[in-house]
Amino acid sequence: MTDRSPRLLPWTAPGGKPCYLFTDDDGGFLSRYADEVEALQLGMGLALLEHARVLIDNPAADARQLRFLSVQLSAALRDAVRVAQARGAGVSAQVE
């Protein structure tokens, strides 16, 4: 066993419980896969922010579109906070 802290993974177990990786190998398959998932989540969040800017600037956007946007932004923010927690950014609140 190592003295290193477990890595919070960018996905959850059934029931929304956090998943952790205990390893000494940052270059292992699961570590690399987690890095790829984090990069994908952050990239999708950035693309969603651009879409949000366009939709919010559109006076014809209706409540249904804005509600859907808010749900997607909430999910992207949850992912970004989980990535920040995993990278040790000192975010103390739990992501649910």
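**Entry 1: terms and model**

I am working on a predicted model, where local features need pLDDT of at least 70, side-chain atom pairs count only at pLDDT 80 or more, and totals for chains, interfaces and linings use all residues. I number residues from 1 along each chain as its sequence is written, and side-chain values use heavy atoms, with hydrogens and water left out.

**Entry 2: overall layout**

I looked up the secondary structure and found 2 helices and 2 strands. Helices (H or I, at least four residues) and strands (E, at least two) are DSSP runs, numbered from the N terminus. Along the sequence the order is β-β-α-α.

I then checked burial (buried: under 20% relative accessible area; exposed: over 50%; partly exposed: in between; 1.4 Å probe, protein chains only). Of the 96 residues, 25% count as buried. The accessible surface (Shrake-Rupley method, 1.4 Å probe; for residues, only the protein chains shown count as cover) comes to about 6900 Å². Carbon and sulfur atoms hold 59% of that surface.

For contacts I took heavy atoms within 4.5 Å. Among contacts with a separation of 6 or more, 40% join residues 24 or more positions apart.

**Entry 3: nonpolar patch and aromatic rings**

Which residues form a nonpolar patch on the surface? I found Phe29, Leu30 and Tyr33, with about 320 Å² of accessible area together. Phenylalanine 29 is exposed at 61% relative accessible area.

I searched for ring pairs next (Phe, Tyr and the six-membered ring of Trp; centres within 6.5 Å; planes under 30 degrees apart are stacked, over 60 edge-to-face, the rest tilted). The whole structure gives 2 aromatic pairs. Tryptophan 11 and tyrosine 33 have ring centres 5.6 Å apart and planes at 50°, so I log this pair as tilted. Tryptophan 11 sits in strand S1 (residues 7-12) and tyrosine 33 in helix H1, so the pair ties together parts 22 residues apart in sequence. Tryptophan 11 is partly exposed at 25%; tyrosine 33 is partly exposed at 40%.

Phenylalanine 29 and tyrosine 33 make a stacked pair, 6.4 Å centre to centre with 10° between the planes. Both lie in helix H1, 4 residues apart, about one turn of the helix. I record Trp11, Phe29 and Tyr33 as one aromatic cluster.

**Entry 4: salt bridges**

How many salt bridges does a search of the whole structure find? I get 7, taking a side-chain nitrogen of Lys or Arg within 4 Å of a carboxyl oxygen of Asp or Glu.

I opened arginine 87 and glutamate 38: their closest N and O atoms are 3.2 Å apart. This pair links distant parts of the chain, 49 residues apart, with arginine 87 in the segment after helix H2 (63-86) and glutamate 38 in helix H1 (residues 29-56). Arginine 87 is exposed at 53%, whereas glutamate 38 is buried at 2%. I also note a network of salt bridges linking Arg7, Asp35, Glu38 and Arg87.

Glutamate 50 is partly exposed at 40%, and arginine 53 is partly exposed at 45%.

Arginine 82 bridges to aspartate 79 at 3.7 Å between the closest N and O atoms. Both lie in helix H2, 3 residues apart.

Notes: Patch = residues over 30% accessible without salt bridge, like charges linked within 9 Å, V, L, I, M, F, W, Y side chains within 5 Å.
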